[in-house]
Amino acid sequence: MSTEERSLNFIEQIIEEDLAAGFGADKLRFRFPPEPNGYLHVGHASSICLNFGLGLKYNAPVNLRFDDTNPAKEEQEYVDAIKKDVEWLGFTWDKELYASDYFQELYQWAVEFIKKGKAYVDSQSSEDMAKQKGTPNTPGTHSPYRDRSVDENLALFEGMKNGDFEEGTHVLRAKIDMASSNMLMRDPIMYRILHKHHHRTGEKWKIYPMYDWAHGESDYLEAVSHSLCTLEFLMHRELYDWFLDQIYDNTKTRPKQREFARRNLSHTVVSKRKLLQLVQEKYVTGWDDPRMSTISGMRRRGYTPNSIRNFADTIGIAKRTNLVDVSVLEFCVREDLNKTASRVMAVLDPVKLVITNYPEGQEEWLEAENNPEDESAGFREVPFSRELYIEREDFMENANSKYFRLTLGKEVRLKNAYIIKGESVVKDADGNITEIHATYDTDSRSGSGSEASLRKIKGTIHWVSIQHAVKAEVRLYDRLFTHENPDGDKEVDFKTYINPDSLQVITGYLEPSLKSAEAGERYQFQRLGYFCVDTDTNAEQLVFNKTVGLRDTWAKLEAKE
């Protein structure tokens with residue numbers, strides 16, 4: 001076996017085996033089939049990357065199909081958001097399709113099932129149906145309506161379609177095997193009555209197909225060759241194939257369902273129901289809150305499409321579910337932003353620094369590199385003056401010999417500027433430092449070419465000229481949950497683990513080059529982390545979101561515990 005063959009994941013191996021067995025490469029077709037009942041999350045991102053990645057690998061088309069069979073929960077808003085997310089991740093679908101495109105065909109097939117004695121209308125209550133289904137260890141019992149005549153079933157089903165009955169009064173069930181060891185095969189429901197407005201078909205339909213009935217048949221109608229879904233659908237495969245057996249024409253492509261394991265992400269939840277709960281109960285500001293595990297939330301936070309695709313490639317696919325630490329995703333984000341994000345200076349916890357021997361009223365513009373990882377990024381100029389802001393944690397009045405930032409009597413370099421020495425401090429009545437006084441070496445400017453500029457100083461700190469600083473609202477985001485698996489214990493409400501410190505809003509002071517920054521632009525605030533301009537930014541107020549720190553601070557915190 002070649003190295004390339006060994007590197008294939010098990011889905012690719014299945015496809016390669018099918019091709020080797022004679023399946024035509026020109027018949028390969030994949031699909032991504034979201035239900036439009038919420039915003040896509042990081043788990044969907046992996047599925048998107050898998051299906052569209054296979055399309056790219058095999059030069060095969062990929063459909064974007066919305067499984068819109070439940071009008072009670074589905075909305076056009078979600079359709080639009082899903083399309084935006086897929087496009088943003090960098091993928092292009094071949095056809096935009098909907099399960100609702102096939103409602104008529106599905107209905108007609110269901111009528112044929114009835115005529116062939118393979119389906120019947122059941123009028124039991126949902127509670128009675130649940131009882132007669134049996135248990136995994138005991139067989140089910142037949143519905144008292146299982147042997148209705150074909151004519152009666154056809155008449156009732158027509159009445160269901162026409163809206164003659166209330167919700168819950170009747171369902172259409174496939175007639176399979178009430179003694180099957182797979183409970184999904186015990187006469188599954190194919191249709192239920194729903195008097196709800198559908199976002200595409202309006203009021204036309206009063207009955208809606210169940211997922212198991214609609215999904216495989218939609219794949220078949222679209223000539224999907226490989227229908228890939230998550231592991232919880234493994235038990236559904238038998239039913240998927242049974243439904244196809246009843247309608248399959250061997251001149252057409254028969255879809256093959258195969259399952260892969262979810263890759264759950266630590267410190268998050270990915271249940272749409274629970275994400276909706278966070279939104280509705282206002283634990284977050286919306287589906288695109290940067291703390292959410294949604295693709296729109298990650299986009300707003302500043303994650304890049306490339307970093308999410310790299311994350312999906314890194315974790316791969318497998319046959320066993322496991323919990324991936326969110327630090328893996330954050331590493332992929334850092335790695336990508338390190339290559340692409342411009343370096344700028346910002347101070348988020350300011351203390352005033354006065355350079356006492358720098359002439360009052362003087363300013364100069366100093367050259368600063370935009371990105372050392374990208375030579376083509378060039379340089380910019382930043383203003384320097386007598387009064388600066390530095391980070392409060394970058395000064396210590398009484399420091400030991402291992403402290404390499406600013407302290408009294410020792411030197412430190414100001415990034416892109418001069419070497420300074422701490423001389424004295426000014427304190428308020430409570431003993432808090434309000435000003436630091438320092439002197440600068442006039443011949444030590446970075447890049448000046450002078451002999452003095454070659455002096456090696458261990459410490460370098462960033463700064464912003466107070467006179468030129470741009471104020472901005474800075475939102476410091478952290479993980480939404482303190483527990484690595486907040487949804488792991490079904491006896492504990494997942495909201496118990498919500499991190500009370502997941503958002504801190506502060507005022508930051510930025511270099512003036514950021515004055516015209518636009519929503520979505522990403523930067524590295526030097527020595528602080530990566531930040532993104534938020535969509536709330538307007539002409540009066542700059543708003544930045546913290547995307548990720550320069551290092552994994554959680555790893556250090558957990559190591560101390």
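Visitor: How do you know that the reach of helix α3 (residues 42-57) is close to what is expected?
Guide: Helix α3 has 16 residues, and its first and last C-alpha atoms are 22 Å apart, close to the 22 Å expected at 1.5 Å a residue. The expected span is 1.5 Å times one less than the number of residues. Helices here are DSSP runs of H or I with at least four residues, strands are runs of E with at least two, and both are numbered from the N terminus. This is a predicted model, where local features need pLDDT of at least 70 and side-chain atom pairs count only at pLDDT 80 or more, while totals for chains, interfaces and linings use all residues. Residues are numbered from 1 along each chain as its sequence is written, and side-chain values use heavy atoms, with hydrogens and water left out.

Visitor: Why is α3 called largely enclosed by the rest of the structure?
Guide: Buried means under 20% relative accessible area (exposed is over 50%, partly exposed in between; 1.4 Å probe, protein chains only). In α3, 12 of the 16 residues are buried, so the helix is largely enclosed. Among them are V42, I48, C49, L50 and F52. N59, with a positive phi near 50°, follows the helix.

Visitor: How do you know how many disulfides there are in the whole structure?
Guide: A disulfide is counted when two cysteine sulfur atoms lie within 2.5 Å. The search of the whole structure finds 0. For C229, the closest cysteine sulfur is that of C49, at 18 Å, which is too far for a bond. C332 is in no disulfide either, its nearest cysteine sulfur being that of C49, 11 Å away.

Visitor: Why do C229 and C332 count as buried?
Guide: C229 has 8% relative accessibility, so C229 counts as buried. C332 has 3%, so C332 counts as buried too.

Visitor: What makes β23 and β24 edge strands?
Guide: Two strands pair if DSSP finds at least two bridges between them. The open sheet has 7 strands in the order β23-β20-β21-β22-β14-β17-β24, with mixed pairing. β23 (460-461) and β24 (464-465) each pair on one side only. β20 (residues 411-414) pairs with β23 in the parallel sense over 2 bridges, and L414 stands opposite I461 in β23.

Visitor: What makes residues 1-5 stand out in pLDDT?
Guide: pLDDT is the predictor's confidence in each residue, from 0 to 100. The protein chain averages 94, and 96% of the residues score at least 70. Over residues 1-5 the value is below 50, and this stretch has 2 contacts beyond near neighbours in sequence. A contact means heavy atoms within 4.5 Å.
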